[in-house]
Amino acid sequence: MSLFVHRSSISTCPCCRLKEGVKMSELIFVRRGEEVMYYHLDDGVTRIGRGPQNDIAFPEHEQNISRYHALLQERQGLYWLRDLTGQGLTLNDKIVHESLLRDGDEFELGKWRVIFRVRERGVGQTLITRGDSTLPMAQATPQDAEQCATLQYTLQEQKFEFILGENPVNIGKSEQNDIQIDDPHASGFHCRIFFRKGRYYIRDLDSLNGTWVNGLKQVEGELPDKAEIYVGRFPLQFSLERDEVESPAPTTSTTEYPGFSGIVSQDPGMERLFKMLQRIADNDEAPVLITGESGTGKELIARAIHLAGGRAKKPFVALNCGAISKDLIESTLFGHEKGAFTGAIEGRKGAFEEAADGTIFLDELGDLPLEQQVSLLRVLELGTFRRIGGNQELQSRARVLTATHRSLPQRIQDGLFREDLFYRVNVLQVHIPPLRQRTADIPLLMDYFLQKFAGPRQLEFTQAAIEKAQQYNWPGNVRELKNVIQRAIVLVEGQSIYPQDLHFQGNMDHSTPPPQALSTPHTPRGTASLEETERQAILDALEQCQGVVSEAARLLGIGRSSMYNKMKRLNIQHRKLKQ
């Protein structure tokens with residue numbers, strides 16, 4: 001991918017750039033985790049787009065970039081980013097139309113990531129030990145931060161500690177990162193740690209070998225305390241440290257919920273299931289088939305088996321067989337060599353290769369096409385596979401866990417599933433009962449999700465709300481309960497959640513319609529009132545998230561694409577909400 005630059009301020013060599021002095025601002029263009037180009041910013045205006053009049057001109061085939069897409073303007077030594085499309089730019093996960101740029105800020109241009117850098121800042125990593133001596137640590141945390149976090153790692157037999165604050169931190173091989181590591185398996189820009197709403201998160205930057213947290217491959221997720229991070233094969237330890245002066249310890253201890261490895265339940269049947277899971281985890285060789293309705297938590301069960309067994313520190317790779325295009329399933333499972341098919345510009349590992357000697361979880365196995373079932377059966381029986389276009393036999397040592405909400409015996413009768421594969425994956429079977437069969441768990445789960453999503457707000461359910469939830473049949477199981485609670489937290493104005501604050505998607509929602517629906521003239525009670533409630537929920541979520549659609553969708557418990565579809569159907573113009 002080439003860019004056309006109409007100024008002499010372009011460089012592709014980091015060494016040459018550093019010779020120009022330590023005080024300079026630049027843009028780093030990143031694609032697939034690797035830095036492709038550096039652009040030195042000078043005084044005045046820098047225009048970006050596909051048009052040839054731009055200072056940074058993209059090729060015509062970059063159709064997701066407008067002819068005049070954005071500009072950067074220097075004002076009194078500071079740089080401002082302005083959108084020229086009218087749609088806004090994604091800057092640090094927020095949609096902006098104009099914003100001041102700070103060192104380390106990241107914005108999107110089509111499929112490119114662009115990082116703004118000011119090369120006039122102290123070194124972020126702090127040497128804490130050298131031999132027997134201990135050196136003082138640099139204070140990099142904001143003065144008013146309620147908690148700080150640290151990353152500890154070793155470079156060239158010296159231990160370093162990086163103090164995390166509110167600014168994002170990039171990690172990778174490139175010297176442009178806040179933490180530069182020396183590992184051949186790491187990408188130039190490998191991952192990013194950032195602070196949002198009082199918590200630290202990690203995001204993989206489309207790296208070649210992935211980012212792993214506590215043995216699990218991460219695309220993006222919250223970092224737990226004492227997390228072990230692998231960037232390529234380079235280890236870092238993440239730790240949270242509370243400031244006891246600013247944030248005294250709470251007087252009451254954190255609520256502990258009964259269950260198993262993060263699965264919350266006090267149902268006697270589930271307790272028997274948990275005991276069986278531990279026995280299954282102890283024998284970490286036999287394949288396991290997990291069955292149950294959608295939303296019961298089959299992937300949680302799979303992760304629990306992985307974490308409770310001897311492979312807990314090894315990779316856990318999850319794959320939804322029903323969400324992958326038929327033409328891509330084999331490549332996704334087994335990988336491909338460069339040139340194996342049109343578009344295969346480089347070799348890629350498949351899920352089995354990434355899982356190595358850890359665990360691979362194949363969800364919705366019943367949706368796997370018959371052609372790919374043969375290849376999967378071969379791996380399970382022989383323990384070997386080949387990449388597409390490759391000749392080398394690769395060894396699979398991963399434990400295979402599978403799950404489905406379908407009846408595989410019925411699929412066999414319908415000619416849609418191989419009987420021999422069924423017997424191969426069904427060595428050990430775990431069935432998860434639906435939520436309607438364990439109503440005693442409903443109040444416990446309601447409180448669990450309330451504590452998880454309410455943040456600092458002190459909310460509680462009324463007894464009538466709990467009884468209403470217990471009377472509902474929950475066709476979407478725990479996933480639906482989670483979404484209902486998240487929605488109630490977003491919409492409720494007081495400290496108590498009443499029955500009318502719980503809105504179900506099924507046919508048993510007999511709660512009183514909200515005031516907006518009752519006061520709407522010429523609207524029959526039913527679908528119109530639900531539509532108005534849905535519209536108001538989306539508007540409230542967008543307002544709370546300052547117009548950021550992805551965060552509002554996360555609050556409501558739906559996907560971003562579903563959020564956009566709902567907004568289009570309900571004629572919600574979210575850009576008007578932003579200031």
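**The cavity and its surroundings**

Guide: The structure holds one cavity of 30 Å³ or more (a set of points on a 1 Å grid over the protein atoms alone where a 1.4 Å probe fits but cannot get out). This is a predicted model, in which local features need pLDDT of at least 70 and side-chain atom pairs pLDDT 80 or more, while totals for chains, interfaces and linings use all residues. Numbering runs from 1 along each chain as its sequence is written, and side-chain values use heavy atoms, without hydrogens or water.

The volume of the largest cavity is about 40 Å³ (the space filled by probe spheres set on the points, which are joined across faces, edges and corners). Its lining (residues with an atom within 4 Å of a point) consists of Ala 281, Asp 284, Ile 305, His 306, Gly 309, Gly 310, Arg 311, Thr 359 and Arg 399. By class, two of these are nonpolar, four polar and three charged (Asp, Glu, Lys and Arg are charged; Ala, Val, Leu, Ile, Met, Phe, Trp, Tyr, Cys and Pro nonpolar; the others, Gly among them, polar).

Two of the lining residues, Thr 359 and Arg 399, lead to a pair of strands (DSSP E runs of at least two residues, numbered from the N terminus).

For the chain as a whole, 47% of the 579 residues are buried.

A separate space is the second largest pocket, with about 600 Å³ (an open set of points with protein on both sides within 12 Å along at least five of seven lines). Its lining has 23 residues, with Asn 92, Lys 94, Arg 102, Phe 195 and Arg 196 nearest its centre. Seven are nonpolar, six polar and ten charged. Strands β10 (94–96), β11 (98–100) and β20 (191–196) each supply at least two lining residues; β20 gives the most, with four.

Strand β20 belongs to an open sheet of five strands with mixed pairing, in the order β19-β18-β20-β21-β24. Because β19 (179–180) and β24 (220–222) stand at the edges with a single partner strand each, one side of each is left without a neighbour in the sheet. Six bridges join β20 to β21 (residues 199–204), and the two run antiparallel. Arg 196, one of the residues nearest the pocket centre, stands opposite Arg 199 in β21.

Lys 94, another of those residues, has its C-alpha atom 9.4 Å from that of Cys 545, although 451 residues separate them along the chain. Cys 545 lies in the loop between α13 (527–544) and α14 (549–556), where helices are DSSP H or I runs of at least four residues. Cys 545 is buried, at 3% relative accessible area. Beyond neighbours within four places in sequence, Cys 545 is in contact (heavy atoms within 4.5 Å) with Lys 197, Glu 551, Ala 552 and Leu 555.

Notes:
Buried < 20%, exposed > 50% of the residue type's maximum accessible area, 1.4 Å probe, protein only. Pairing = 2+ DSSP bridges.
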